[in-house]
Amino acid sequence: MNNRSFKRRCLSDKVFIILDYAILILLLVLVAYPLLYVVMASFSAGAASMTPYLIPKNFSMAGYQAVFQFKDIWTGYLNSLINMVLGTLISLAMTMLCAYPLSRQDFRPRNFIMILCMITMYFAGGMIPSYLNIKNLGLLNTRMALILPGALSVYNMIVTRTYLMTSIPGDIWESAQIDGCGNVRYLLSMIIPLSKPILAVIGLFYAVGLWNSYFDAMIYVSSRRDLYPLALVLREILVLESSNMDQLDVNTLLALEERRNVMKYAVIVVASVPVMAIYPFVQKFFVKGVMIGAVKG
Amino acid sequence: MKNNSVRKTKQARPSLAKDLKKNWSLYLMVAIPVAYLIIFKYIPMYGVQIAFRDYVPIQGISGSEWVGLKHFEKFISNYQFKTILWNTISISLYQLATFPLPIILAVLLNYVSREKFKKVVQMVSYAPHFISTVVMVGIIIQFLDARSGAVNMLISALGGTATNFLAYPEYFRHIYVWTGVWQSIGYSSIIYIAALSGVSSELHEAAIIDGANIFKRIWYVDVPTIRPTIVIMLIMQCGSILSVGYEKIYLMQNSLNLSQSEIISTYVYKQGIASSLPQYSYSTAIGLFVSVVNVILLIAVNQITKKLGDTSLF
């Protein structure tokens with residue numbers, strides 16, 4: 001909006017602008033402070049050595065040393081990476097295979113299939129029938145149980161379809177057809193290269209979802225520790241602390257707890273690095289994705 | 001999907017067989033996702049009927065005995081029913097009450113003229129959205145720790161007494177909702193920021209000439225323009241009142257706060273999967289109960305907004 005440069009402002013507008021900035025700065029602090037605190041605490045010798053100014057009294061890498069020795073974390077890391085890459089590729093393929101035919105005006109069953117897809121957005125079997133289904137399919141305790149149930153998000157598919165219908169002119173298909181180009185070749189050499197922006201957006205949606213999910217893993221691979229994704233390992237470390245330390249005397253106990261706390265902060269940082277590191281670069285894509293979705297409603 | 005109905009009217013539709021022959025590759029493509037939907041979405045939907053049966057795995061779905069509404073009655077007469085339902089609804093409504101916050105943030109950002117400052121606020125406030133649920137709950141637990149948590153250290157420094165907040169049921173919903181706001185306020189505001197960017201600047205100019213101050217412009221220019229977006233988001237939230245974010249709540253639960261933190265979905269998980277004697281039919285019935293209530297609410301809210309002359313979802 002370019003109407004803000006009006007020179008004369010009335011008093012209430014001035015008050016508003018001052019309040020506006022004040023609230024936003026407050027918000028900035030409220031959001032950023034805990035994030036920075038976590039990072040700084042992971043470099044401290046213990047939460048007790050943290051000062052309110054975010055600079056630890058004793059700088060220490062002990063937390064990270066403990067994390068690097070924790071084998072489960074690295075197995076989890078690897079599993080999460082595999083799930084994320086494999087799952088995103090499968091999801092993108094699935095989404096494209098659905099969105100492209102449905103974006104074609106001349107594809108006869110498009111309305112019928114569209115309804116078939118949309119029904120699943122509003123009705124679902126629920127937790128137990130889905131679990132039993134995976135069990136009956138023999139997928140329980142396999143990696144596929146973590147990847148397949150969410151392989152196609154109808155919402156993402158509709159967003160993609162909208163993009164294909166609005167951003168790629170139909171004339172291209174007509175001239176390609178005249179040149180003897182078939183559907184498959186058209187999809188591979190025209191549609192996919194032309195829809196890179198949308199593939200980036202929904203690819204990121206899928207990837208972040210796969211990286212962060214823990215509930216599916218808890219349900220579907222509970223008895224295969226070697227398949228535990230990072231999120232599930234984190235749950236054990238951060239949430240379910242095993243506390244069989246009753247026999248120790250108070251001082252040892254406190255020291256041990258301090259060390260565990262620092263390690264937890266380090267774990268939090270290590271686990272969030274992949275997503276947080278790419279986030280500033282892809283932020284624009286996310287915003288775009290939300291907007292395309294919003295336009296469609 | 002309005003363009004669905006736009007068809008070339010003159011051209012007669014080819015018969016299905018002809019179309020199949022001509023566009024066989026399109027059918028082949030779409031067959032894969034359709035097969036996926038049938039296997040992973042529609043078969044579980046068919047499986048919902050075990051809510052009305054006494055499901056025994058060996059006998060299969062259709063082989064198990066039909067018992068009608070037995071499991072629903074069992075749930076409703078359960079001594080925990082009222083507590084769980086109330087916990088679910090109260091947490092959900094509390095969360096719904098924070099619904100305007102992202103809108104307010106979007107409006108505030110809209111009147112910031114320093115682009116750089118705006119970018120920084122957006123960038124920082126979106127960041128928590130990308131923290132995973134497990135890590136988020138880990139942070140909550142660490143911060144609220146009675147001895148070494150940042151919050152309690154601050155309280156002690158200010159002369160208060162440290163409290164193990166997660167051990168007190170009465171604090172649970174506040175912690176859940178406000179950490180949720182912390183995590184999602186920025187990201188949820190994106191959609192409103194997008195909608196606000198569509199407000200025509202001519203309207204604002206006209207309003208300024210007419211002597212409207214910013215408050216008036218927000219109320220009479222901005223809000224009416226983004227109203228459809230607000231209504232749609234509101235309907236969608238109302239449609240999921242009985243399914244609050246169980247992934248986060250499950251992790252925040254402990255034996256001390258369970259009296260206010262047990263919600264329907266976590267109860268379903270505990271009865272149906274985590275239990276050593278899983279009650280498949282019983283927990284499916286509860287899940288179905290939730291879905292039905294959600295759909296009813298969605299339709300009801302949708303009808304109300306339609307009556308009020310506003311946007312509706314369908």
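What is the mean pLDDT of chain B, and what percentage of its residues reach 70 or more? The mean is 87, and 95% of the residues of chain B reach 70 or more, pLDDT being the predictor's confidence in each residue, from 0 to 100.

This is a predicted model, in which local features need pLDDT of at least 70, side-chain atom pairs count only at pLDDT 80 or more, and totals for chains, interfaces and linings use all residues. Residues are numbered from 1 along each chain as its sequence is written, while chains are lettered from A and ligands numbered from 1 in the order in which they are written.

**View 1. Confidence along chain B.** The model as a whole scores ipTM 0.84 and pTM 0.86. Helices (H or I, at least four residues) and strands (E, at least two) are DSSP runs, numbered from the N terminus. Over residues 1-10 of chain B, pLDDT stays under 50, and the model has 3 contacts beyond four places in sequence for this stretch. Two residues are in contact if their C-beta atoms, placed from the backbone, lie within 7 Å. Where pLDDT is low, the predicted coordinates should not be read in detail.

**View 2. The contact between chain B and chain A.** Chain B contributes 73 residues to this contact and chain A contributes 82. On the side of chain B that touches chain A, helix H2 (residues 24-47) of chain B gives the most, with 15 residues. That side of chain B divides into 48 nonpolar, 21 polar and 4 charged residues. Here Ala, Val, Leu, Ile, Met, Phe, Trp, Tyr, Cys and Pro count as nonpolar, Asp, Glu, Lys and Arg as charged, and the others, Gly among them, as polar.

**View 3. Domains and fold of chain A.** The secondary structure of chain A comprises 13 helices and 0 strands. The domain assignment gives domain 1 (10-64) and domain 2 (65-296) of chain A, with bounds that come from an automatic or database domain assignment. Contacts between the two domains of chain A involve 13 residues of domain 1 and 13 residues of domain 2. On the side of domain 1 that touches domain 2, helix H1 (11-42) and helix H2 (62-69) of chain A are the elements giving two or more residues, and H1(A) gives the most, with 4 residues. The residues of this side of domain 1 of chain A are 9 nonpolar, 4 polar and no charged. Among contacts in chain A between residues at least 6 apart in sequence, 72% join residues at least 24 apart.

**View 4. Packing of H10(B) against H12(B).** The axes of helix H10 (residues 169-196) of chain B and H12(B) lie 9 Å apart at an angle of about 145°. Axes are lines fitted to C-alpha atoms, for helices over the stretch in contact, and angles run from 0 to 180 degrees between N-to-C directions. From H10(B), Ile191(B), Tyr192(B), Ala195(B) and Leu196(B) meet Asp222(B), Ile226(B), Thr229(B) and Met233(B) of H12(B). By class, this contact of H10(B) with H12(B) has 6 nonpolar, 1 polar and 1 charged residues.

**View 5. Packing of H11(B) against H12(B).** Helix H11 (residues 201-209) and helix H12 (residues 214-238) of chain B have axes that come within 10 Å and cross at roughly 145°. Leu203(B), His204(B) and Ala207(B) in H11(B) face Arg217(B), Tyr220(B) and Val221(B) in H12(B) as contact partners.
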